[in-house]
Amino acid sequence: MTRMLRPAPPTPSASAGRLRPATGSRSGPRTGAVARLRLLAWPLYLAALLWYLRAYGLPYTNDLVFLWLIGALLAAGVHSGHGPRGFLLVLRDWVPVMAVVWTYSLLRGYGAHTPWGPYLWPQQRADELIGLGQTLTVRLQHGLYTPGSPHWYDYAAVTVYMSHFFAVFVVLAVLWRRRHDRFRQLLTCYLALTFAGFATYILYPAVPPWLAAQEGHLPALTRVVSDVLGGSGLPRAASVFENGSQFANDVAAMPSLHSAYPAMLLFFFWPTAARWLRVLLVGYPLAMTFTLVYGAEHFLVDVFVGWAYAAAAVYGVRWLRERRRTRSLAASGPAPAPDLAVAPDGAQAGAGARATVPTGRLDP
């Protein structure tokens, strides 16, 4: 954690808004106290986190994940020797994000009460066509799942599913410390994707496979992740599936944001990712797809629509950013013509060479 949250060397395009290493030397009694506080920042944070994990288990709701991430960033700021400015930067960038996501969660619950009923036939029929007469969820569960006796891939599915609640936020936290410009870009994609999903939940409430099975439209199915968590002694984590909460929306299945967020990370990081990272970027959406379809959380078509939303969010934000940059360059006017006055001994040629620099000015 300390290594990931350590600031990268500053670059001209990535330093705005990011914590910079403290500089200057100080002496006196206060210096010793500050040094001790810096050394204790991470141990105190990790001790509090371990206590929480032992008492309550992994945090999985957005507000708890945000609070622990903000705490990690504050600890990183203290450990790096930053003063009040570091705290203010953390609060400036993360508290509004937490407020926006919490508002979305609340609205998502209210979105379950639409004047029109939820849809099932289109996505079920599409899955039956893909599965040659039977939905993939039914095929996978009847071939792989053993109620009351989870296999290793059931526990792997639980891990992949629960990563939805913190993976994007951890990536955002790392970018916030190392590449603040990329943090803002990914955050914009995340918010655009999230609220596009919410709008679709209002316009097209969709029944997931597990609910379709309960209503008799599909053979008996099990919510694998909920079942495994309930039988593993982690009832608090299993409570994420409880109904009746103000945040619950059982018909918010189209698109699948569980699949959309991994796809968003894939599209966002692919152009600059190393080969090993590309393997991870591809593997994560595929693992999530298997988890969602096998676990009866989503039809396969829900996943495909989630991928399409992720692509639209990432490439749409990228296109808008490039368009804004082009307009900004056009508004700045044409570059001044270089001075090609004749100078002795080839100086004119040197000026001409400098005139090809696309910055529009001659270097001194």
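How many aromatic pairs does the count come to? The count comes to 15 aromatic pairs, where rings of Phe, Tyr and Trp (its six-membered ring) pair if their centres lie within 6.5 Å. Planes under 30 degrees apart count as stacked, over 60 as edge-to-face and the rest as tilted.

A quick word on the ground rules: this is a predicted model, so local features need pLDDT of at least 70 and side-chain atom pairs count only at pLDDT 80 or more, while totals for chains, interfaces and linings use all residues. Residues are numbered from 1 along each chain as its sequence is written, and side-chain values use heavy atoms, with hydrogens and water left out.

Here are two of the pairs.

| Pair | Geometry | Centre to centre | Between the planes |
|---|---|---|---|
| Tyr 145 and Tyr 294 | edge-to-face | 6.4 Å | 70° |
| Phe 267 and Tyr 315 | tilted | 5.8 Å | 45° |

Tyr 145 sits in the loop between helix 5 (136-144) and helix 6 (152-162), with Tyr 294 in helix 13 (residues 275-294), so this pair ties together parts 149 residues apart in sequence. Helices are DSSP runs (H or I, at least four residues), numbered from the N terminus. Both Tyr 145 and Tyr 294 are buried, meaning under 20% relative accessible area, with exposed being over 50% and partly exposed in between (1.4 Å probe, protein chains only). They also belong to one aromatic cluster with Trp 152, Tyr 153 and Phe 290.

Tyr 315 is partly exposed, at 43% relative accessible area.

Technical notes:
Helix = DSSP H or I, 4+ residues; strand = E, 2+ residues; numbered from the N terminus.
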